[in-house]
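Biologist: I am new to this structure and would like to learn how its features are read. Could you take me through them slowly?

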Amino acid sequence: MRKKLITLPLLFIVLFIAACGDSDRIIQGLMDISGAPLEYDDSKATKHLNVASVCMSCSRDKQENLQKMTGILRRIKTEKPATRLVVFGETILGWYYDPVNPVAYQKNIAETIPGPATDKIGALADSLNMYIAFGLTERSDEGENFYNSLVLLNPKGEIEAVHSKVSLINWDEKSGFTPGKQKTVVTIDGIKTGMIICSDIQSVKLVRELVGDNIKIIIHALASDALEFRIDAVARQFNAWAIIANRCGDEEENSYSGNCYIADPAGTIRVGGQGIERVEYYRIGVYE
Amino acid sequence: MKTLKTTLLVLLFFSGMVFSQQGLNANKVKNPELPTVSKFYAGINPLALPAAFQVQDDVKRYLPIMSGLEYGLSVCGGYYFNPNLAIESRLSLGYVNKLAFAGQLHAGSNYFLFRKLNIKPQNLYIGGFFKLWDYYNRYSKVHFFNLCPYLTLGYQKQISRLFYDIRLNQTLFIYSWSSLEHTSPGHDWFLSPWPAFIPILPTFTFTFGWMF
């Protein structure tokens, strides 16, 4: 009897340790999205930024995607000429994950930064007078490493910042990506802005540092199948406006929800939806 | 300051609700097959403890459905006014993940309708609770407070001094407020935290404890 009393707790401890995972990650769950939408009053905000979040389906072909991006950017300028920042999703120049030959596919569509894609979109950023952020597979200058990166082009067409995904998931590793090492913070029209890619929201180090930097906007490019939320955990996580840009449609056996939205720092989703190709617009108000 | 006042008002409301239940003692129902003396009970939710730890992703995401979205140290205490009616309070304190800490306080009562009607299964009960919780972002130092009523359907079995309790909880409505500047409270019907994924999502609670 006494032996059993000792064995049972020990068994429980062993099972529990076996179930333990990586210690430096934030795993979001239902509790993080539980709550009623709050009212966030930005009517007296001291700074404003007109932003657009693009939901796009992607072809395997890079040139086709670049052409589609060009069309969307021109349409945004026509529909909402005051737009200053446009955000596209993660690795938007191609499929996020090729299940057949992931490494070879990503190598095939990879580019250096600067490279042909940033040159082409940079020229548009210059002519349309806007900041443009988009995800791509980045090849290092030496050609040895590949990164899942998010590039931000400024209205002069120059590269303002490049963020490489820090917290890689299984598919990134299978695609041969090397993790990035650091946070990326930029200033857009005087507003401090952080840049992250998809599962970077799980990095304790990155989140702590970005919150410590007191960013006002978080640009979040992703490729996700998650359906739309009642409240946004990302904005609440960073205490900042969140611009979430995703992709939609099927890529072989993988489907993406097209859950794109813009949420205020209280996590209330101001505009958003899922399922189809579209652009979500919003005028963000920031208190400095 | 405004948040503190609101929190105090909510706590006062809970206290009032507990005291008002004492009037029900006058309606004590006598059932010859069951003990009629008032009883206290105390218990723990054993699944809440692993829910607070850094377990594997899927376990971390879905285990809280089985722990009633309770994390870490989760204890409950109750009192039987008569064999048919118990009031209960629950306290849960723990880390939701590496980012957030949640403190939860529940109060409400369970009613053993079948005992009252003297039909089986007599250990089945229904109830109504209020839950107040504070979701605290450790890095931004922002609190998100929530208050919600929820219904329970459960089964409580006593074995000598010990008991176990299996319960289904369904939230109905939610009222939220925050310490974040420039925000005002919000409210909404709330049958699931993620309605686009699953429109109605009850949670389960397992409790083991002692009666005295």
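**Reading the sheet, the helices and the interface**

Modeller: Let us begin with a sheet in chain A, an open one of six strands in the order E6-E5-E4-E3-E2-E15, with mixed pairing. Its edge strands, each pairing on one side only, are strand E6 (159–164) and strand E15 (278–286) of chain A. Neighbouring strands of this sheet are turned by 25° against each other on average, direction ignored. This is a predicted model, in which local features need pLDDT of at least 70 and side-chain atom pairs count only at pLDDT 80 or more, while totals for chains, interfaces and linings use all residues. Residues are numbered from 1 along each chain as its sequence is written, and chains are lettered from A and ligands numbered from 1 in the order in which they are written.

Biologist: What do strand and pairing stand for here?

Modeller: Helices (H or I, at least four residues) and strands (E, at least two) are DSSP runs, numbered from the N terminus, and two strands pair if DSSP finds at least two bridges between them. In this sheet, strand E3 (residues 85–87) and strand E4 (residues 131–139) of chain A pair in the parallel sense over three bridges, with A:Leu85 standing opposite A:Tyr131 in E4(A).

Biologist: How are two packed helices described?

Modeller: They are described by the angle between their axes and the distance between the axes. The axes are lines fitted to C-alpha atoms, for helices over the stretch in contact, with angles running from 0 to 180 degrees between N-to-C directions. Here the axes of helix H2 (residues 62–79) of chain A and H4(A) come within 11 Å and cross at roughly 10°. H2(A) and H4(A) are therefore roughly parallel to each other, a label for angles under 35 degrees, whereas those over 145 count as roughly antiparallel, 65 to 115 as roughly perpendicular and the rest as oblique. Among the residues that make the contact are A:Leu66 and A:Met69 of H2(A) and A:Ile121 and A:Leu124 of H4(A).

Biologist: How many residues of chain B are in contact with chain A?

Modeller: On chain B, 42 residues are in contact with 37 residues of chain A. H3(B) gives the most to the side of chain B that touches chain A, with five residues. By class, that side has 24 nonpolar, 13 polar and five charged residues, where Ala, Val, Leu, Ile, Met, Phe, Trp, Tyr, Cys and Pro count as nonpolar, Asp, Glu, Lys and Arg as charged, and the others, Gly among them, as polar. The two chains also share strand pairing: strand E1 (residues 39–40) of chain A and E9(B) pair in the antiparallel sense over two bridges, and the bridge partner of A:Tyr40 in E9(B) is B:Thr183.

Key
Contact = placed C-beta atoms within 7 Å.
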